[in-house]
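Here are some friendly notes to read alongside the model. Please keep the viewer open and find each residue as you go.

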Amino acid sequence: LKLSENLEGSLCRPQRSKWKKRPSCSGGLDTENTPNELIQQWSPPHKKILTSAKGKENEENAFVLARRPRKRRESSAGLCLDSLPDELLLGILSRLSLQDLLRTSRVCKHWHCLAFDESLWHSVDLVGKAQLDAELGQVLSAGALRLRCPHTCIVQSSFKSAQKLRVQHLDLSNCTVETSVLEDILSRCKHLQNLSLEGLVLSDSIIHSLAQNTEIVRLNLCGCSGFSPESLAEMLKSCTRIEEMNVSWCDFNNLHVQAIANNTPSSISHLNISGYRQNLTMEDVKAVVKRCLNLTNLDLSDSVLVTTDSFPVLQQLSSLRHLALSRCYQIHPAALIDFEKFLNLQTLEVFGLIQDSYLPILCKGLPHIQINTQPFSTVARPTSASRKDRTLWGMHCRLVYKH
């Protein structure tokens, strides 16, 4: 670049002749050997100066029309990325992977601010990350709307301020985390729509925080413990938009089950209340059916007090498509043929009630129903982490941790 500038400058500067100027010859001898015609032929044509000649008012004061010289364009070889607008830089950064984006954030303060712009962190998948310390608070504070980090050891949240979080879809299933840390995270959440806390020890404070998220649609509390029936009832009364809820195999007593049966919102369509053996009674089943007539998926498995008397009650659910009664041992296998009256039922799970040799006979008697096709419930559960598409409740995550 310097070399070209020097060359350009040398061409513009007048050259001093090392020879002395000869005196001109008199009488026109100095032009007799000059090929004027050839010079004029090879030289570029001179620009004609346009003058105004028309009009009597311009006869005395003629003026000249000429173009201004064009400014020389500055060389673009020295263009710096910092001179680009932030919008364009954000567009470039949005193409980077999670690891590259973090490396970029260490370039300078300006790039650090850009790298943690909330538009870049709307969806993050940290599956495979064994431990999260300050990173969790940093990702959530960056404005993440979707965060997935199941089976992770969360040591601390490390929020630098009391700001509320923007997160709407959060999967903390089976994490190793202190209840106090979980309280700190969920107390900042007001816009949750999908939440999975499967297998975690909760508290009344956490359930009260969940009650503030009135827009929640899917709630997975499978295998949870540590909260009272009163806080559970309060949360169910506040969250009136729940469509899918999994409260199976929690550390519940009969009061918890009654709180579910008497307070579950009528908007719910998928409900899993399996695993309560002696605590789920026929009265609870009747209360659930009475409140939730829009149920399409119901799981009552491992409830030994549920009998064939529940069949007429369940038949009131005209929209019921999927029913699970696995290991409800008070139901006799021969009574299962009564499900021919459930014209809209598509799948029936009765694992543990019939022997494999009897299954073909039952399938023949119920040709419109698929029997024992799904041993594990998917109600309100996030998308499995083993899937290659790395989605969360069917939604794509842009930033993915690669280990």
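1. **Before you start.** This is a predicted model, in which local features need pLDDT of at least 70 and side-chain atom pairs count only at pLDDT 80 or more, while totals for chains, interfaces and linings use all residues. Residues are numbered from 1 along each chain as its sequence is written, and side-chain values use heavy atoms, with hydrogens and water left out.

2. **The whole protein.** You will find 13 helices and 19 strands here; these are DSSP runs numbered from the N terminus, with helices (H or I) of at least four residues and strands (E) of at least two. Of the 403 residues, 41% count as buried. Buried means under 20% relative accessible area, exposed means over 50%, and partly exposed lies in between (1.4 Å probe, protein chains only). Take the contacts (heavy atoms within 4.5 Å) between residues at least 6 apart in sequence: 63% of them join residues at least 24 apart.

3. **A pair of helices.** Two packed helices are described by the angle between their axes and the distance between the axes. How do helix 7 and helix 8 pack? Helix 7 (residues 179–186) and helix 8 (residues 204–211) have axes 9 Å apart, at an angle of about 15°. Here the axes are lines fitted to C-alpha atoms over the stretch in contact, and angles run from 0 to 180 degrees between N-to-C directions.

4. From helix 7, Thr 179, Leu 182, Glu 183 and Leu 186 meet Ser 205, Ile 206, Ser 209 and Leu 210 of helix 8. The residues of this contact divide into four nonpolar, three polar and one charged. In this grouping, Ala, Val, Leu, Ile, Met, Phe, Trp, Tyr, Cys and Pro are nonpolar, Asp, Glu, Lys and Arg are charged, and the others, Gly among them, are polar.

5. **Tyr 276.** Look in the loop between strand 12 (270–272) and helix 11 (282–291) for Tyr 276. Is Tyr 276 buried or exposed? Tyr 276 has a relative accessible area of 3%, so it is buried. Leaving aside neighbours within four places in sequence, its contacts include Trp 249, Phe 252 and Asp 302. The side chain of Tyr 276 also reaches the backbone nitrogen of Cys 250 at 3.2 Å.

6. **Asn 194.** Strand 9 (residues 194–196) holds Asn 194, which counts as buried at 4% relative accessibility. Its side chain makes a polar contact of 2.7 Å with the side chain of His 169 and one of 3.0 Å with the side chain of Arg 218. A polar contact is a pair of N or O atoms within 3.5 Å; within protein, one must be able to donate a hydrogen and the other to accept it, and residues adjacent in sequence count only if both atoms are side-chain atoms. Trp 393 is also among the residues in contact with Asn 194.

7. **Two positive phi angles.** Trp 393 has a positive phi of about 55° although it is not a glycine, and His 151 also has a positive phi of about 55° without being a glycine. Trp 393 lies in the loop between strand 17 (391–392) and strand 18 (395–396), and is buried at 11% relative accessible area. His 151 sits in the loop between strand 5 (146–148) and strand 6 (153–154), and counts as exposed at 57% relative accessibility.
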